[in-house]
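This report describes one protein model, beginning with a helix and its cover and then turning to the chain as a whole.

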Amino acid sequence: MIETALVLLVAVLSAAYLLAPAFRRLEVPVTDPRDALETAHAAALRSLHDLELDWGTGKLSEDDYRTQRAALEAELAAIVRRLADAPAPPALRS
């Protein structure tokens, strides 16, 4: 009888230990929508910088340089507009 009670106790404690994570409440990290835009902005600036380096070393023709620069400037302008329209980060809201 005592052995049965001990086995039952061990089984209940094991089940509780294994199932406890399923009942814990997980905090979902809050992401700032501006993070992706700021990452895209930094990437576009790096691309523009790389384009300038390629132009300076003669790897690009003038037509290619002007075409790619216009495309990058348009992309940067769109990102800056979206950043300006994005809500402020939670810490800065009043």
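## Helix α2 and its cover

In this predicted model, helix α3 is included in what covers the buried residues of α2. Those buried positions in α2 are Arg34, Leu37, Ala44, Leu48 and Leu51.

Helix α2 runs over residues 33–56, and its 24 residues reach 36 Å from the first C-alpha to the last, which is close to the 34 Å expected at 1.5 Å a residue. After α2 comes Gly58, with a positive phi near 85°.

## Overall architecture

The protein contains 3 helices and 0 strands, and from the N terminus on its elements follow the order α-α-α. Its radius of gyration is 28 Å, well over the 12 Å given by the globule rule for 94 residues, so the protein is more spread out than a compact globule. Taken along the principal axes, the box filled by the C-alpha atoms is roughly 90 × 40 × 15 Å.

## Burial, contacts and surface

Of the 94 residues in the protein, 14% are buried, and the accessible surface comes to about 7900 Å², with 63% of that belonging to carbon and sulfur atoms. Among contacts with a separation of 6 or more, 63% are accounted for by residues 24 or more positions apart.

## Confidence

The average pLDDT of the protein is 87, and 94% of the residues score at least 70. Confidence is lowest in helix α1 (residues 2–23), where the mean is 84, and highest in helix α3 (residues 62–85), at 95.

Notes: Residues are numbered from 1 along each chain as its sequence is written. This is a predicted model: local features need pLDDT of at least 70, side-chain atom pairs count only at pLDDT 80 or more; totals for chains, interfaces and linings use all residues. Side-chain values use heavy atoms; hydrogens and water are left out. pLDDT is the predictor's confidence in each residue, from 0 to 100. Helices (H or I, at least four residues) and strands (E, at least two) are DSSP runs, numbered from the N terminus. The expected span of a helix is 1.5 Å times one less than its number of residues. Buried means under 20% relative accessible area, exposed over 50%, partly exposed in between (1.4 Å probe, protein chains only). Contact means heavy atoms within 4.5 Å. The radius of gyration is taken over C-alpha atoms; the globule rule is 2.2 Å times the number of residues to the power 0.38. Accessible areas come from the Shrake-Rupley method with a 1.4 Å probe; for residues, only the protein chains shown count as cover.
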